[in-house]
Each structure stands twice: as structure tokens, then as C-alpha cells.
Amino acid sequence: MLSTNASAMPMPFDVWLGTLRQTCGYFDCRLRDRRSFQGSVSTRINGGIDIANIVTNAEKVTSSHAQRHDEDRYCFLVVQKRGHATLVQNNTSITLRPGEMALMDSVKACDVIPHGLIEHDSLHLSRSEVAQRFGDISLPFMKITTDCASSQILQLVVNRMVTEPLASTEERGQGIADSLVALLPAIYQHQALAPSFWEQADGTLFNCVQQFIDQHLHEDDLSPERLAAAFHMSVRQLYRLFEPHGETVCRYVQRRRLARCAEELASPMLAKRSITQIAYKWGFTDSAHFSRSFKREFATSPREYRRAHLDYAA
């Protein structure tokens, strides 16, 4: 279930700050110019997990340990969706590009420094359960890289959560939260043993672009121009980023969209949803073009693919 209890409409600064404090705990904010402020805060529950969507162009959002010492309910799993931001905690700085994620401890002092207008989703995980999983290790402040199986699984689940509804029952929701929390120590241990990953800048950027694409597949304006703008590069640089992987940007986007369509066509739970509805949901705007592209990818028509998989499931 995907439920919203706050509007994502633009807010005056005082309303925005009050809503942010109500949603994420006590924060202060420094503005460049109150008159040019842009921001919104909205909340939803997906898969039993509270998710805060935060948009702002503030100069800095900050909170001290004294302000946060009694706010020990959550750890924040931050998903950068638009723009660049630097997160600071434990005397460590992490810069997030679109598609990247980081884990933050809600109790410790922290700074969020937007580089212009940013948007991120913050998944609120139980701090006590995260601490229990880490045992004697102090809760880390870390970027979630994509160079191990655990982090790839976490990225896959989180990308789904920020784009579409998941399980609606409380039992299933708790299972999703438990699964995400259980992956975090393995990711931390792997990254502690593989510091050389941080030197692989091009590979990291390619992974960021892939994550951003997966988070925005359902948007029909997911063009090379939009991707290049999101990552502050030229379209030519974007194409060059994909060349070593034997892929073009547009082809990669189309393959990912076709894969998501295939998943939904094969799902008995979505048997009553029309093929056109599924295609349009994942960014296709022409049903004939979708059918031709699907047949090239899977060597069968969408209708035949659905029939074969639903018959097998039955």
C-alpha cells in the first residue's frame, strides 16, 4: 500500500521547516534568500515503511547531537532522487548524486548541504533493530555502493519502493523492513574491506545513472537530455559513459522498461490489467511500438508472453 498523509505542493519556508521537524525530527535550516526558497515535505507508507519525500534548495539543513539525543526511533536510509547533496556525520562527508543512497543515524549530529534544488526520499528504519543487527559495531554513516550482492539486492528493493506500491499488510511490511535491515551489516563489512571501490569513479557514475533510470522508468520524459542534466554532463559524455558496456542510453532505458513490463505481464495478481495499461505505466506511449519492441526483445508478442506465463502459473 502506498499512502500519503501530506501534500507535495510547494510550501512557505516556515511551514516547510515545521513539517520537516514533525516528520524527521528537530532540524535547523540556513537559507540563501527566503524569497527564493523552494521546498516541500510529504510522507507515505510503502511496504510498512515510513518514507519522507523532501525537496529543498536551502543552503544547509543541520541538527546537533543535543537536539537529536532523544530522537532515537529511526535510522534514515536516504535515496537521492534529484540534484546533488553533501551529507555530513561522524566528521565524514558523503556526496550523493541522483540514484545513490546513504545510511544515517538519527541520533547523531548531521548536516545536509544541497547543491541547488534537491529531492530525496528518506526511508525510516527502526534504529533499535538496525543497532541490534550491527551488534557491538557503532551504527555507521555510509554510502550504499553497488559492488556486492547484498547492496545490489537492497538497491533493487528500494528502487521498487520509491516508484510503486508494495505489500499492504502489516506482516508483509515488517518482513520488508527486516529484510532491508538484515542486508546493512553485510554491505558495511564488504565496503570496509574494499576501499579501492571509491577510486573507481567512472564505474560509480555508471551505477548511479543506472539507479536513477530504474527509479524513473515510469516517467515518459526519461530522455538522454534529462539524464545528462541530472548528472551535470553533456549528452555526448553520457553516451560515452555507456559505450564501454556495449550499450546505448536509449536502448538501456528501453530494455529496463520492457523487463518491468514482462514482470507485470507474468504476474497473476495483475491479470486483469490490460497490456496497454502496463505499457503506458512503464513509459511507452504507443501500443504498436511497444508490441514491436517487446517481440524483438522476447521473441514473442506481449499477449502470447502473458498467456504462456499465466498458464504456467495456473
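Let's start where α8 meets α9: L238, Y239 and F242 in α8 are in contact with V249, C250 and Y252 in α9, contact meaning heavy atoms within 4.5 Å. Sorted by type, the residues of this contact are 6 nonpolar, no polar and no charged. Here Ala, Val, Leu, Ile, Met, Phe, Trp, Tyr, Cys and Pro count as nonpolar, Asp, Glu, Lys and Arg as charged, and the others, Gly among them, as polar.

How are two packed helices described? By the angle between their axes and the distance between the axes. For α8 (residues 235-242) and α9 (residues 249-265), the angle is about 65 degrees and the axes are 9 Å apart. The axes are lines fitted to C-alpha atoms over the stretch in contact, and angles run from 0 to 180 degrees between N-to-C directions.

A word on what you're looking at: this is a predicted model, where local features need pLDDT of at least 70 and side-chain atom pairs count only at pLDDT 80 or more, while totals for chains, interfaces and linings use all residues. Residues are numbered from 1 along each chain as its sequence is written, and side-chain values use heavy atoms, with hydrogens and water left out.

Stepping back, the protein chain has 12 helices and 10 strands; these are DSSP runs, helices being H or I with at least four residues and strands E with at least two, numbered from the N terminus. Of its 314 residues, 50% count as buried, that is, under 20% relative accessible area, with exposed over 50% and partly exposed in between, using a 1.4 Å probe and protein chains only.

Now, the aromatics. The whole structure holds 12 aromatic pairs. Rings of Phe, Tyr and Trp (its six-membered ring) pair if their centres lie within 6.5 Å; planes under 30 degrees apart are stacked, over 60 edge-to-face, and the rest tilted. Why is the pair of F294 and Y305 edge-to-face? Because their planes are at 80 degrees, with the ring centres 5.2 Å apart. F294 sits in α11 (residues 287-298) and Y305 in α12 (residues 302-313), 11 residues apart.

Last stop, T163, in the loop between α4 (149-161) and α5 (170-193). Is T163 buried or exposed? Its relative accessibility is 16%, so T163 counts as buried. A polar atom of its side chain lies 3.0 Å from the backbone oxygen of N159. Beyond neighbours within four places in sequence, T163 touches D214, Q215 and H218.

Definitions and conventions. A polar contact is a pair of N or O atoms within 3.5 Å; within protein, one must be able to donate a hydrogen and the other to accept it, and residues adjacent in sequence count only if both atoms are side-chain atoms.
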